[in-house]
Amino acid sequence: MKPGDHPEFFRFPAPEGRSRESTIRLDSAGRFWHDGRQVDHAGLAAAFHSWIARHPDDGRYILTNGYDWSYFTVDDAPYFVRAVRIEPQRLVLLLSDGTEESWEPERTRAGLDGALYAVVKRQGVGGPFEAKFTQHAQASLAPVLVEGEGQNEAAGAEGGAETAPTVRIGGRLHAIAPKTAGFG
């Protein structure tokens, strides 16, 4: 049994002389930084991606490995879609923490910069979370992108209606609505 399995784990004080606050930051491109320097060690960066959670009391983002935890800063989204696998009836997202899950295009939004944001880990502890598509993952959607079909009915936030990005998966069209505050 790990200490993180204890029901009060996230309420224990920090080890003596230490703080639960950190200078660790996840930038909008999915890179970790510590004390203003990029985390270049691939294994440590991968571990950080797999340790992302939310504190159960205040909802802030934390890194936890089951033995200790610390708050950290997220500039944009806590998870990233690094790749997409296209199957006949669905698309599978390959996430920055090494996990995979089916894409729910109806729960995906397009940001002002055109980046796509999917809702992921709905059943996970502290979920759901938001995952930003990397440029590579977003470009991988080209085979399922459909142009000229699907008007975005939810485009009223910043003006008139405009054509939404639309994908065809398993013969069904899915228009991607614009992203508003928060996710979804």
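**Entry 1: the second largest pocket**

I sorted the lining of the second largest pocket by residue type and got seven nonpolar, five polar and four charged residues. My nonpolar class is Ala, Val, Leu, Ile, Met, Phe, Trp, Tyr, Cys and Pro, my charged class is Asp, Glu, Lys and Arg, and the others, Gly among them, are polar. The model is predicted, so local features need pLDDT of at least 70 and side-chain atom pairs pLDDT 80 or more, while totals for chains, interfaces and linings use all residues. Residues are numbered from 1 along each chain as its sequence is written, and side-chain values use heavy atoms, with hydrogens and water left out.

I then looked up the space in this pocket, which is about 240 Å³. Closest to its centre, among the 16 lining residues, are Arg18, Leu63, Asp68, Trp69 and Ser70. Strands β5 and β6 are the elements that give two or more residues to the lining.

For the terms: a pocket is an open set of points on a 1 Å grid over the protein atoms alone, where a 1.4 Å probe fits, with protein on both sides within 12 Å along at least five of seven lines; a lining residue has an atom within 4 Å of a point. The volume is the space filled by probe spheres set on the points, which are joined across faces, edges and corners.

**Entry 2: the sheet with β5 and β6**

I followed those strands into an open sheet of three, ordered β4-β5-β6 with antiparallel pairing. Its edge strands, each pairing on one side only, are β4 (52–54) and β6 (69–71). From one strand to the next the twist averages 40°, taken between N-to-C directions of lines fitted to C-alpha atoms, on a scale from 0 to 180 degrees. Between β4 and β5 (residues 61–64) I found three antiparallel bridges, and Ala53 has Ile62 as its bridge partner in β5. Strands here are DSSP runs of E, at least two residues, numbered from the N terminus; two strands pair if DSSP finds at least two bridges between them.

Most residues other than glycine have a negative phi, and most peptide bonds are trans. Is Asp35 buried or exposed? It is exposed, at 52% relative accessibility (exposed is over 50%, buried under 20%, partly exposed in between, with a 1.4 Å probe and protein chains only).

Lys121 also has a positive phi, about 55°, but is buried at 17%. Lys121 sits in the loop between β12 and β13. Pro128 is in the loop between β12 (116–120) and β13 (129–133), and a cis peptide bond, omega about 5°, joins Gly127 to Pro128.

Definitions and conventions
Helices (H or I, at least four residues) and strands (E, at least two) are DSSP runs, numbered from the N terminus.
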